[in-house]
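Student: I would like to learn how to read helix packing, backbone exceptions and chain contacts in a model. Could we go through them one by one?

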Amino acid sequence: MIDVFVGIDLGSTTTKAVVLDGDGNVIGRGITNSRSNYDVAALIVREEAFVRTRFTLVERSIGVDAGVISALERNLKLQQHLELLARLQEAMSMLAAGPKHCGHAGDLRKRLDDIAAGMEPLARQHFARGATRRSDFFRDLAAADYMHIAEQIADPKHIAFDVLCGVFDAAILAVENLPVEHAFERHIGAALEATLAEHPHCDADGLCRAVVEARREELVEGATVGTGYGRARLPFPKEQIRSEILCHGLGAHAMFPETRTVLDIGGQDTKAIQVDASGIVTSFQMNDRCAAGCGRYLGYIADEMNLALHELGPLAQESRTRVKINSTCTVFAGAELRERLSLGQKREDILSGLHRAIILRAMSLLARSGGIHDQLTFTGGVARNPAAVAALRDLVGENYGPRTLNTSPDSIYTGSLGAALFALRAAERKAA
Amino acid sequence: MSAVRKEDSMLLQKQMMSDHYDRLASAHDEGRKVVYTFVPGNLNELVRSFDLLPVLPEINALQSGLRKKSGGYIAEAEKNGHSEDVCTYVKCDIGMLKKGNISPTGTQLPKPDLLLLSYTGCFTFLKWFELLREEYGDVPVAMLHVPYQANGRIEPHQRDYVVQQMRTEVIPKLEQVSGRAFDEDRLREMLRLSARAEDDLVWTLESAKRTPSPIDAYFGGVHYIGPIFSAFRGTQGAVDYYTALRSEVQERLDAGQGPVTPEGPMGIEKYRLVVEGPPNWTSFREFWKMFYDEGAVFVASTYTKVGGLYDRGFRHDPDNPLETLADYCLGCYTNLGLPTRVDLIEQYIRDYNADGFLVNSVKSCNSFSVGQLMMLRQLEERTGVPGVFIENDLVDPRYFSAANIKNRIESYLQMLDQKRGKAA
C-alpha cells in the first residue's frame with residue numbers, strides 16, 4: 001500500500017495530473033486534452049498519472065532500464081488506443097443506425113467499418129518501435145487517421161465526406177466523455193507480451209515479477225487538490241481547490257528553488273508571478289479581457305500554416321531575418337500572416353516575428369508584476385516551444401540584463417505539481 | 001431564488017431617487033428650471049438656493065448600469081460615432097439622450113436650462129458638456145474651473161480663484177436662468193443642513209474601523225454616499241436619510257453584526273480590504289458576491305470620497321458660504337494628486353486594520369486610472385500589505401469578464417491566506 005498525493009490542473013486546452021509519494025517525489029504524471037465534461041477529463045488524467053505511477057514502481061523494483069520500460073509503456077498506450085478505437089467504432093455504428101441516416105444506413109455502416117478497419121493498422125504504426133507521433137492524445141491521432149481514410153472512401157453521390165466528418169465529430173465526443181478505469185491492470189498483460197517479443201534478451205522473469213507487484217500495489221489517495229481554469233468544476237470540495245497562480249508559484253519553486261519570478265503561458269492566459277524564498281506568491285499579474293498571445297494563438301497559427309503545434313518553434317528558429325509583427329490579436333494575426341505570405345515573406349521569418357510578439361506581451365505583464373530581479377522560470381505549454389524560450393531570453397536580456405532563465409521539459413506540469421504539493425501539505429497538517 | 005435583501009436605508013434612498021426623477025419629469029410643466037452638473041465638486045446647495053433642480057449625468061449613467069440599460073445606450077452612442085475607448089459614462093449618457101432621454105426610473109428627463117460645468121479632476125467633463133451643448137443647441141454654459149491640487153494642499157490663491165469664478169460667472173448665470181437674486185442666507189441654511197448630514201455619513205463610514213465591520217464601505221458605501229453626492233446635499237431629506245442610516249448601522253454595531261448583503265447578513269469576516277476605484281455597475285451584485293462569498297469585506301474605499309473627503313475633517317461651513325464651497329470643490333478625491341492619494345490609502349490601510357487592498361481600475365477612464373499601478377507598488381512597499389489589480393469598467397457590460405475577475409480575486413484571497421499561514 002502506498003499513500004499518494006495528487007494534483008490536477010484543469011487547463012483550457014489540456015488537463016494535467018501529478019502524483020507524489022509521501023516524500024514529495026514525483027512518481028506519476030498524466031496529460032489529456034480538456035473536454036466538455038470536466039469530471040471525465042479529471043478522471044482520465046488521474047488514471048493516466050496512476051498508470052505512469054505503476055511504471056515508476058516497476059522502475060524502482062528492477063532499476064531503470066529505459067529501453068524495456070519505455071517499450072512496455074508504449075505498448076500499453078497502444079492497447080489503450082485500440083480500446084478507444086473499438087469504442088469509437090461502436091459509437092459510430094450506433095450513430096449510423098440512428099434516424100438521421102435511415103436512408104443510407106447500410107451503405108454508411110459499411111464505409112464506417114472500412115474506415116475503422118483501416119485505422120487499426122495505422123494505430124499500430126503510431127506506437128511501433130521508433131515511431132514518432134504528432135500528438136499523444138487519442139483525439140488528435142484518431143481524427144487525422146479517420147480523415148485521411150475518409151477522404152478516400154467518401155463518395156459525393158452516396159456518402160459525402162461531410163457526412164463522414166459529422167459521424168466522427170459526434171462519435172469522438174461520446175468516446176471522450178466516457179471514463180477509463182484500471183488501464184494498467186487491464187492492459188499490462190498484452191503490453192508485456194508485445195514487449196518481450198520486441199526485447200527477447202531482457203530479464204523476462206524479473207520484469208514479469210516487477211510488473212505483477214506494481215499491478216497488485218494499492219495506491220491510496222491521501223489527498224487531492226485541483227487547480228486550473230476549470231477548477232470550480234472539479235468534483236472536489238472547496239478546500240481542495242487552489243488558484244493556479246499559487247500552484248504555479250509553488251510548482252516552479254519546487255522545480256527551481258532559487259526562482260523569484262515565474263512566467264506561465266497557458267492555453268488562454270498568461271501569468272506573471274512573483275514568489276518569495278518559500279514559493280509563496282507575493283504578487284501577480286495576468287491578462288484580463290484578452291487572451292491574445294497565449295497558447296491558443298499558436299494553435300491557431302499552426303492551423304493556418306497547416307503545421308503541428310510542436311513544429312512551429314523549430315521552424316521559427318530557422319529564421320535569419322525576423323519580420324516585425326504588430327498584432328497580437330489572434331484573428332488579426334491570421335490576416336497579417338496571410339498578407340505577409342502573399343508578399344513572399346518566408347514562413348520561418350514570419351513565425352519568428354509572431355513568437356517575439358507573444359513574448360513582448362508577456363514582458364508587459366512581467367513588468368507590471370514587479371519585474372525580474374533574480375531567476376525567472378518559464379512554465380506552461382508554451383514554455384515547450386524553443387522559439388518562445390529564445391525570444392524570452394532575448395527580451396529579458398534587453399530589458400533586465402543577464403538573468404538565469406529556467407525551463408524544464410516538464411514545465412507543462414508545473415501547476416499540477418504545485419497542486420500535488422498543496423495536497424501533500426494538507427495531509428501532513430491533518431496528520432499533525 | 002429568494003428575494004434580494006435590502007437595508008431600510010437603501011429602500012429610503014431608492015424612494016428619494018425615484019421622487020427626484022418624478023420632480024424632474026414635471027419640472028418644466030411646473031415652471032422649474034433644471035441645471036445639469038457633475039458630481040465631484042458639485043455646487044448643489046448653491047443650485048438649490050435658486051430653486052433650481054440638479055441633473056447629474058454620472059448618476060444617470062450608473063443608475064442605467066444598475067438597471068441593465070447602459071449596454072443599449074452605449075451601443076447607440078457608438079452608432080453615432082463614439083469610439084470604443086471613450087469613457088463609458090459619457091457614451092451611456094449620450095446614448096440615453098439619443099434614445100429619448102428617459103431616466104433610469106422610466107420618467108422623461110427635462111432638457112437642461114443651464115450646463116454648469118464644474119470641472120474637477122476629470123478632463124473628460126469638458127468634452128462631455130461640449131457634446132451636450134451640441135445636442136441641446138442653445139443652452140447657456142457656466143464654467144467653473146477648479147485647479148488641481150498639485151501640492152497636496154489647497155493654496156489660498158486657488159480658493160480665491162474659485163470664489164471669484166462663483167461671483168463673476170456661476171452666480172450671475174444662475175440668477176439669469178432662475179430669474180431670482182442670489183440669497184446668501186438661504187445658502188447658509190442649506191450648508192448648515194449639509195454639515196449635519198456629513199457628520200452622520202462620516203460616522204457611518206468610520207464604523208468600519210470596528211471588527212467585524214457593520215458595513216461594507218464599498219458595495220454598501222456607494223449606497224450610503226448616494227444622497228449626499230447627488231441631488232440631496234443641503235436638504236432636510238438628506239439629514240433624515242443619514243439619521244436613519246446611522247441608527248441602522250448602530251443597531252448592527254450593538255449586535256456585533258456584519259454588513260447586509262443582497263443574500264442576507266454576511267458570514268464571518270475573514271478579510272478586511274481597502275479599495276481604490278469605482279465599482280462595476282452592470283454586474284454590481286455579481287461582483288459583490290465574489291467578495292462576500294469568501295468573507296471579504298471592504299472597510300474603506302476612495303470612490304466614496306469622489307464627491308467629498310469628509311472623513312478628513314472637511315465640513316461645509318455656513319459662516320463662509322462661497323469659500324467653503326470652493327474648499328469642497330478643491331478637496332474632492334478626484335482633484336487630488338497621486339502622492340496625496342497614496343498617502344490617503346496608506347492611512348486607510350493602517351486605520352482600518354486592512355489585510356489587503358484592491359485597485360479596481362477602469363479601462364476607459366484615463367483621468368483616474370493613470371498611475372494606479374504605481375500607487376499599488378508604493379502602497380505595497382510602504383505598508384507590506386499586498387494589493388491586487390483588476391481591470392474593469394463602469395457601465396459597459398462587455399468589459400466585465402466575470403470568470404477572469406473571479407479567478408483573480410480567488411487567487412488573491414488565497415494568497416492572503418498563504419501569507420497568514422506563513423506568519424502563524
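**Reading the model**

Tutor: α8(B) passes α11(B) in a left-handed crossing; a crossing is left-handed if the near helix is turned anticlockwise from the far one by less than a right angle, and right-handed if clockwise. Helices (H or I, at least four residues) and strands (E, at least two) are DSSP runs, numbered from the N terminus. This is a predicted model, where local features need pLDDT of at least 70, side-chain atom pairs count only at pLDDT 80 or more, and totals for chains, interfaces and linings use all residues. Residues are numbered from 1 along each chain as its sequence is written, while chains are lettered from A and ligands numbered from 1 in the order in which they are written.

Student: At what angle do the axes of α8(B) and α11 of chain B cross?

Tutor: Two packed helices are described by the angle between their axes and the distance between the axes. Here the axes of α8(B) and α11 (residues 236–254) of chain B cross at roughly 20° and come within 9 Å. Axes are lines fitted to C-alpha atoms, for helices over the stretch in contact, and angles run from 0 to 180 degrees between N-to-C directions. α8(B) and α11(B) are therefore roughly parallel to each other (angles under 35 degrees count as roughly parallel, over 145 as roughly antiparallel, 65 to 115 as roughly perpendicular and the rest as oblique).

Student: Which residues of α8(B) and α11(B) meet?

Tutor: Two residues are in contact if their C-beta atoms, placed from the backbone, lie within 7 Å. Among those in α8(B) are Leu193(B), Leu201(B) and Trp203(B), and those in α11(B) include Val239(B), Tyr242(B) and Leu245(B). The contact of α8(B) with α11(B) has 9 nonpolar, 3 polar and 3 charged residues. Ala, Val, Leu, Ile, Met, Phe, Trp, Tyr, Cys and Pro count as nonpolar, Asp, Glu, Lys and Arg as charged, and the others, Gly among them, as polar.

Student: How are α6 and α7 of chain A packed?

Tutor: The angle between α6 (residues 183–198) and α7 (residues 204–216) of chain A is about 170°, and their axes are 11 Å apart. α6(A) and α7(A) are therefore roughly antiparallel to each other. Phe184(A), Glu185(A), Ile188(A), Leu192(A) and Leu196(A) in α6(A) meet Ala204(A), Cys208(A), Val211(A) and Arg215(A) in α7(A). By class, that contact has 7 nonpolar, no polar and 2 charged residues.

Student: Is Lys68(B) buried or exposed?

Tutor: A residue is buried if 20 or more other C-beta atoms lie within 10 Å of its own, exposed if 12 or fewer, and partly exposed in between, with C-beta atoms placed from the backbone. Lys68(B) is exposed because 12 other C-beta atoms lie within 10 Å.
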